[in-house]
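Subject: Structure for your review

Dear colleague,

Please find below the structure I promised to hand over, together with its sequence. My findings follow directly after it.

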Amino acid sequence: MDTTSDQVTKQPLGGRGARERILRAAVELFYEEGINTTGMQRLTEVAHVSKRTFYQHFPSKDALVEEYLRRFEEEAAPPGELVLTRSDLPPRERLLGVFADPPGGITLRGCPFHNAAVETAHTLPAVREAVIRHKEIFTRRLTDTVREAGATDPETLGRQLAVLFEGSRALATSLDDPRPVSDARAAALALFDAATSG
C-alpha cells in the first residue's frame with residue numbers, strides 16, 4: 001500500500017479549499033519552475049491533493065494554466081506593472097516604478113504572461129488570448145501615462161516603452177542579472193523626458 005498517496009488523500013480535499021491550494025501551487029511552481037517542467041505529480045504534492053481531486057476542479061493541466069493567468073489578470077498584476085494604476089504618483093514616478101530594479105535576492109523569472117507565451121508556443125488559444133490581452137492593456141497603460149505627461153506622440157512612446165520593458169525583463173531573466181532593467185530604465189527616462197520636455 002502506498003502510504004504517501006494515502007496520506008495525501010487524507011488531506012482536506014473538498015470544496016474551495018482544494019481548488020485554492022491547487023491554484024496557489026500553480027502560481028508558485030509555474031512561475032518559479034516553469035509550466036512545462038511542472039508535472040502533475042509535483043502539482044498535486046505541493047497542493048496536498050490527490051490527482052482525482054485535481055481533476056474534480058480542473059479538467060486538465062491546460063485548464064489550470066488558463067486559470068493561473070486569469071489570477072494574475074484579476075487579482076495581482078505581475079511585479080512592476082501595478083504602479084501604473086496609482087493616481088497618487090505623477091507620470092514620471094509611475095514610469096520609474098515600472099522600471100525599478102527587482103528586490104535583492106529575488107530570482108529573476110520575467111513576466112508570467114511572456115513565459116506562458118514562450119512555453120505554450122501559442123498552442124493553447126485561451127492562453128494566447130490572455131497573453132495578448134494582458135500585453136495590450138499594459139501598453140495602453142504606458143500610453144495613457146505618457147499622454148497624461150504631455151508626450152508629443154504617446155502611442156509610439158507607449159509601444160517603445162513596452163518593448164524596453166519586455167526586452168529588459170527577458171534579458172535580465174536569461175542572464176540572471178538585473179542590470180538590463182537598469183539600462184532600460186535609463187533609456188525609458190531619456191525617451192520620456194525628450195517626449196515631454198516641451
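In the largest nonpolar core, which has 28 residues, the members that touch the most others are Ile22, Phe30, Leu43, Leu64, Tyr68, Leu69 and Val127. Five helices each supply at least two residues of this core: α2 (15-33), α3 (40-47), α5 (61-74), α7 (112-120) and α8 (125-148). The largest contribution is that of α2, with eight residues. Please bear in mind that this is a predicted model.

As general background, nonpolar side chains in soluble globular proteins tend to be buried together. Ile22 illustrates the contacts made by one of the core members listed above. When its neighbours within four places in sequence are left aside, Ile22 is in contact with Ala47, Val49, Phe54, His57, Phe58 and Leu64. There is also a second, separate core, made up of 18 residues, and Val98, Phe99, Leu161 and Ala188 are among them.

I then turned to the aromatic rings. A search of the whole structure finds seven aromatic pairs. Tyr68 and Phe72 are both buried.

Phe72 takes part in a further edge-to-face pair, this time with Phe113, at 6.4 Å centre to centre and 65° between the planes. This pair links distant parts of the chain, since Phe72 lies in helix α5 and Phe113 in helix α7, 41 residues apart. Phe72 has a relative accessible area of 13% and therefore falls under the 20% limit for a buried residue. Phe113 is likewise classed as buried, because its relative accessibility is 0%. Together with Phe30 and Tyr68, the residues Phe72 and Phe113 form one aromatic cluster. Of these four, Phe30 and Tyr68 were also named above among the core residues that touch the most other members.

His48 is a residue other than glycine, yet its phi is positive, near 60°. His48 is located in the loop between α3 and α4 (51-57), and it counts as partly exposed because its relative accessibility is 38%. Ala121, which is not a glycine either, has a positive phi of about 50°. The position of Ala121 is in the loop between α7 and α8. Its relative accessible area of 51% means that Ala121 is exposed, as the limit for that class is over 50%.

Is Thr145 buried or exposed? Thr145 is buried, because its relative accessible area is 3%. A polar atom of the Thr145 side chain lies 2.8 Å from the backbone oxygen of Arg141. Not counting residues up to four places away in sequence, Thr145 touches Leu84, Pro91 and Arg94.

I would be grateful for your comments on these points.

With kind regards

Notes: Residues are numbered from 1 along each chain as its sequence is written. This is a predicted model: local features need pLDDT of at least 70, side-chain atom pairs count only at pLDDT 80 or more; totals for chains, interfaces and linings use all residues. Side-chain values use heavy atoms; hydrogens and water are left out. A nonpolar core is a set of buried Ala, Val, Leu, Ile, Met, Phe, Trp, Tyr and Cys residues joined through side-chain atoms within 4.5 Å. Buried means under 20% relative accessible area, exposed over 50%, partly exposed in between (1.4 Å probe, protein chains only). Helices (H or I, at least four residues) and strands (E, at least two) are DSSP runs, numbered from the N terminus. Contact means heavy atoms within 4.5 Å. Rings of Phe, Tyr and Trp (its six-membered ring) pair if their centres lie within 6.5 Å; planes under 30 degrees apart count as stacked, over 60 as edge-to-face and the rest as tilted. A polar contact is a pair of N or O atoms within 3.5 Å; within protein, one must be able to donate a hydrogen and the other to accept it, and residues adjacent in sequence count only if both atoms are side-chain atoms.
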